[in-house]
Every structure is written in structure tokens, then in C-alpha cells.
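Let's take a walk through this structure together. Have the model open and follow along.

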Amino acid sequence: MIKTTVYLPEELELRLDAESAATGVSKAELIRRGIAQLLDNSSRPKSTHPLPAFRSGRLVTAEEMDDAIYEHIKERSARR
């Protein structure tokens, strides 16, 4: 996991404390669940770009596969 700092308004912190105490679920877990729910229910279009498929008719070495994936990621990043 990666540590992230989040600043909450006092009212939200109090509600989070109460929910954590009532359910026995840690505040961190409640925050993770809330973020997951928000992202799962987002109306933003999900990525429709699958990872590249490699059908060259020949075996591809691990290094060639790594290079192709790196190039694909680099191209996608340049478009953002």
C-alpha cells in the first residue's frame, strides 16, 4: 500500500470516527472503501484501450515484449 495524507473537515472526521467505532472497521479501511465505491460508480468512461496484442507469427522474446509494452505506455502517456 501507499501512504496518502488526506485533510478532512472536522465534521467529516467526527462522522468517520463514529462510523469506525460503531462498525469496528478502521478509519483507513472506511476511506479505502469510500474511494473504491466512488471510482466504481464513476460515470467517466472506463479505458477501452486493451493492452497490445502480439501476433507476429513468430515467438517474441521477453525483452521484445518489454520493449513493445514500454512503447505502448509511452505513446499513451504522451496523449494525456
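Predicted model: local features only at pLDDT ≥ 70, side-chain atom pairs only at ≥ 80, totals over all residues.

Residues are numbered from 1 along each chain as its sequence is written, and side-chain values use heavy atoms, with hydrogens and water left out.

The protein has three helices and zero strands, giving the pattern α-α-α along the sequence. Helices here are DSSP runs (H or I, at least four residues) and strands are runs of E (at least two), numbered from the N terminus. Of its 80 residues, 6% count as buried, that is, under 20% relative accessible area. The accessible surface is about 7,600 Å², with 57% of that belonging to carbon and sulfur atoms; such areas come from the Shrake-Rupley method with a 1.4 Å probe, and for residues only the protein chains shown count as cover.

Now look at H1 and H2. Their axes come within 9 Å and cross at roughly 110°. That makes H1 roughly perpendicular to H2, a label for angles of 65 to 115 degrees. The axes are lines fitted to C-alpha atoms over the stretch in contact, with angles running from 0 to 180 degrees between N-to-C directions. On the H1 side, the contact uses Glu13, Leu16, Asp17, Glu19 and Ser20, while H2 brings Lys27, Leu30 and Ile31. Contact means heavy atoms within 4.5 Å.

Finally, valine 6 sits in the segment before helix H1 (10–23). Because its relative accessibility is 49%, valine 6 counts as partly exposed, the class between 20% and 50%.

Note on methods:
Buried < 20%, exposed > 50% of the residue type's maximum accessible area, 1.4 Å probe, protein only. Parallel < 35°, antiparallel > 145°, perpendicular 65-115°, else oblique.
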